[in-house]
Each structure stands twice: as structure tokens, then as C-alpha cells.
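Visitor: I am new to this structure and would like to go through it by question and answer. Please show it first.

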Amino acid sequence: MEIEGNIIDVFEEKIFTARIEVEGNRIRKITKINKELKELITPGFVDAHIHIESSLLCPSRFAEVVVPHGTIATVSDPHEIANVLGIEGIKYMIEDAKQVPLKIFYTAPSCVPATAYETNGAELDAIALEEVFRLERIIALGEVMDFEAVINRDKYIMDKIELAKKLGKRIDGHAPLLRGEKLAKYVSAGIETDHESVYYEEALEKAKLGMKIMIREGSTAKNMNELIRLVKEGYECFFVGDDVIVTDLIKGHLDLLLKKAVELGLDEIKALKCVTKNPVLHYDLPVGLLREGDIADFLVLNDLKNFKVEKVFIDGELVAKDGECLFKTKPKITGNTVKAEVLKEDKIKVNVKGKEALVNVIGVVEDQIITKHLVEKIDIKNGEIKPDASKDFLKIVVVERYGYGNICVGFIKGFGLKNCAIASSIAHDSHNIIAIGDRDDLICKAVNMLILKGGGLSYASDEENNILELPIGGLMSAEEPEIVSTKLEKLHEKLYKKGSKLRNPYITLSFMSLLVIPELKIGDKGLFDVNNKRFIPIVKEVIDN
């Protein structure tokens, strides 16, 4: 095969016109030519950190939606499915991905469980990780989330880090808002990357310590506006999605991140390096970078402004054209992983004696997965603290799904919902069932739909009940991306009519139980003050005068 165009050289940061000769799956020769051509040829895009499970799609369906946007490889941490199904979940991801051309590389999850403060479905210690590292396409130790354990040099996490070093694997980090001496000690353990930086000064401090900053632009957490300065200042960075839902992926993936970076004033080729050369060389991926002898992984683009992808070649084969996927998939599903009993209203009441109470409340932060720890003065009515939709004061409930019977109740502000409830079996990272609403009966309806169907996203109101079923570990669907997206959009439409102003309410809900992200979160064992690593009561103080 031969193809001609304007080659984008991400090593020399220049563009030249050439003919590419492909033999088998490799570039045999690149010859400069003297022609006027419109086509731009660039290395394929690589997302260095994305959780495929968060798309709601299994790996093969995920490939169908991202490859036409120019994504030819990902580095994916499967700790979502691993927290539900352990090693068998990781094996499912690897096997399902084999049927598609997208090069999906995986990291060995370092935090299964993510924390000792909640219940999950599996445990991967250092001995189990040795088995994981022997699986195909496992290239690194996944994001080390328990930074306090690293700082304290706790044996259970240091054994995993030392194992990765012994095997010559990269080590990914996860250090939201970490600064100063604690950050330095965390990095000194061998942590090499971070995708959780929110503020420029925070990310700059990490970069100066040698960390490579992954600039995240996901469906909920959006950090490019704040962090793009790092690339302009010469630091080696990656653009990543982390958690991107199917409704957003259909609109675009790394192509949209490149477009935004250029709109923010970044040089086009420097932007491209963040999704090509930088991740490929960091992880030593078997992915081509448009050099003679490289694997023939490349794209044909229309321009370096919109980054619209016209053709996608992986291993020398045309796999997508004009936005259409040219390969087919036949994914399988797992069995029901939800073992919780049906939820009853008396289990989620908050009974308190007195007239008023100061209540610890989770405060949602738009477009971020961090939260605020709020304290609200709330009236006690008939010996009970109830949600009040008029004040955006909703009840939040976590129902443990693995058969131990734990249920936790709290309160949250920021969703804006009225006269309805929603629930999700996606609740990072242990993936218990999490729900919010302004009425106990509707919360129970939303939760019980998921228990009966084996997981998904649900909606309950007086008018109707709906569910988007996710039969693969309660996390993913095997249906076509367009079908999943349409079902999710319909759920979102209902929530917008019920008052929600959040861009992605279900994704936001899924992060309210991520007990390693400040400030206040909720798990199946209690309301958790992340900053001080302790459980706290719902009621801070009762006012009885």
C-alpha cells in the first residue's frame, strides 16, 4: 500500500510532503516528494489514561466509537471491573478487546480494594498482581490511589510498587491536591505520573519533581483550561480522558481535546505530541509514530484546527473512514453480580430528636470530582431529618451490593432534582449501589430496579420508572454505542426536566463514593471525611432550643 500527504513529524516538529510505502503492518519507506497535497498524515492518537468501564461500553464496543475519531491505542486501568470481579474481570476486558484493532493496553490495578473504608468484590495483593502482570498487554502498575499509604511506606502498597519496579513496569500515580513534603515523599517512592491535578501551581510542583502530568478532560473532571500552561512552558504532558461517558465519546475523543488545546493557544504539533510521541515513548508501546520501520499506525486529517479524522490505519489496515467504523464486534456479557436484598424505606430514615440540627452535607462541585464539606442547619420534622428539594437538600444512600447488607445514608447539595430519585451501580471504586432523591419511596424504587436487573442506571418518579441496564459487572453494556447513548440521553432529559443543571448527573453521582478524593464522600460503611481519613456522623450537632 502507498499513501501520499503532508507528514507531521512529531520528533522534529515539522511538516513535509511525502509518500509512505507500507509492507505488511510496517512502514517500509518514507520518500519526500514535490507535490501540493491537502491531506495531513499524523501518528494515531493514544489516550494514556482512560477507564473503559466509565464509557458504559465493553472494550469492543468502546473501540467502535473511539477509533473513527482517531484513537488507535489506549492505556486503560481496569480497576473498576477488578473491584467487582477481581482477576476474572481483567481477563474479560483483555479477551473482549482481542476482537478489535484498537490497541488496548492495561495497567495492573494497584488499589483493589481502593480503600479499606468500604466494601468491594475482590482483593488483589502483591501476590495476585504477579499473576496479573503475566497477562497479555499489562504494561504498568495502575494509578496508586492511596497516597497516604505510600507516604507512610505501608507494606501492602510498597510490595506492589517494588514488584512493578522489579518487572520493569511504569508506575502511575493519583495524588489530588497533594503538595509539599507529602508530595515529595509520594514521588520518591517511584510514582511517575499524575492525572488528578486540578490547579496549575499544584501540577507545576509535581512536574518539577519529575512527574509527567496527564491533563484530564473527561465528562465530569475538566482540567485543560487550568493546566494547558504546563505544555506551553515545555513540560512533557499527556492529554487523557480518564472517565468519558458514551454520550460524549460519540461526539469525539482525543480529537476534541486537540481542538480545544489549539483554541487555547497551544501550537498544533506540540498538542499532537501529547497524544502521540509522549505516551508512546513513556510506556514503550508497540505503536507507530510515522517513521521508517515503525508499525503502520497513522491517520489522515483534514486540518490542524478541527482535527477531523478522515481515515484511520492500524497495523497497515484501514479500520475507519469518514467517521464510520469498518470492523464488527460480538461482545459477551457476565452474570449478575448484584447480591443485595431489596431496599425498604425504614432502612434509610434519619431519626433525630430535637428541633434543628447541624448536618454534614456533601457539596457537589460542577465539572470536578472533588466535593465540598458543607454544614447546613436543617429543621427536624417529627423526629426525622428529611430531604428538602426546595433547598436542593437531597438524601444520598449507598447500598452495599456484595451480600453483606451494609446501608449508609447522608445528605447532598448540588443536584437540583425534585420529585424523583436516581440510582447507579457505578460508584467509584467499589461499585456499590448509590442513589439520591427527595423521597424515600422513590429512592427505594430506583435502587430496587438495579438489584432486580443486575445493575445499571435508574430513574424513578411518580410518572414512570426507567433503567439503562448494564449487565457486564453492573458497569458496562454489550449493546451498540448509539443505542446506549440514546438510552442515557433519555434519562438525562428526564433529569433536566426535574431540575438538574449538571452536565452529567449520573457520572457526578458515581464519584460521590470515591473515598480517596476530598473533601466529603459517602461509602457503604459511613460518611467519610477524606481530608482527615475518618468517618463522621450525619448530624454534627442537635439544636434543642
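Visitor: Is helix α3 (residues 87–97) largely enclosed by the rest of the structure or largely exposed, and how many of the eleven residues are buried?
Guide: This is a predicted model. Buried means under 20% relative accessible area. The buried residues of α3 include Ile87, Tyr92 and Ala97. Helix α3 is largely enclosed by the rest of the structure, because the buried count among the eleven residues is eight.

Visitor: Which elements do the buried residues of α3 pack against?
Guide: Among the buried residues of α3 are Gly89, Ile90, Met93, Ile94 and Asp96. The buried residues of α3 have as packing partners α1 (59–66), α2 (79–85), β7 (103–108), α4 (126–133) and β8 (138–144).

Visitor: Does His253 count as buried or exposed?
Guide: His253 sits in the loop between α11 (246–249) and α12 (254–263). Leaving out residues up to four places away in sequence, His253 touches Asp47, Ile50, Val66, His69 and Thr71. The relative accessibility of His253 is 3%, so the residue counts as buried.

Visitor: Which helix gives the most to the lining of the largest cavity?
Guide: The largest cavity has a volume of about 90 Å³. Its lining has seven nonpolar, four polar and one charged residues, with Tyr506, Ile507 and Ser510 among them. The helix that gives the most, with three residues, is α17 (residues 505–510).

Visitor: How many charged residues are in the lining of the second largest cavity?
Guide: The volume of the second largest cavity is about 70 Å³. Of the 15 residues that line it, the closest to its centre are His51, Glu143, Asp243, Asp429 and Leu514. By class, the lining of the second largest cavity has four nonpolar and five polar residues, and the charged ones number six.

Methods: Residues are numbered from 1 along each chain as its sequence is written. This is a predicted model: local features need pLDDT of at least 70, side-chain atom pairs count only at pLDDT 80 or more; totals for chains, interfaces and linings use all residues. Side-chain values use heavy atoms; hydrogens and water are left out. Buried means under 20% relative accessible area, exposed over 50%, partly exposed in between (1.4 Å probe, protein chains only). Helices (H or I, at least four residues) and strands (E, at least two) are DSSP runs, numbered from the N terminus. Contact means heavy atoms within 4.5 Å. On a 1 Å grid over the protein atoms alone, a cavity is a set of points where a 1.4 Å probe fits but cannot get out, and a pocket is an open set with protein on both sides within 12 Å along at least five of seven lines; lining residues have an atom within 4 Å of a point. Grid points are joined across faces, edges and corners, and a volume is the space filled by probe spheres set on the points. Ala, Val, Leu, Ile, Met, Phe, Trp, Tyr, Cys and Pro count as nonpolar, Asp, Glu, Lys and Arg as charged, and the others, Gly among them, as polar.
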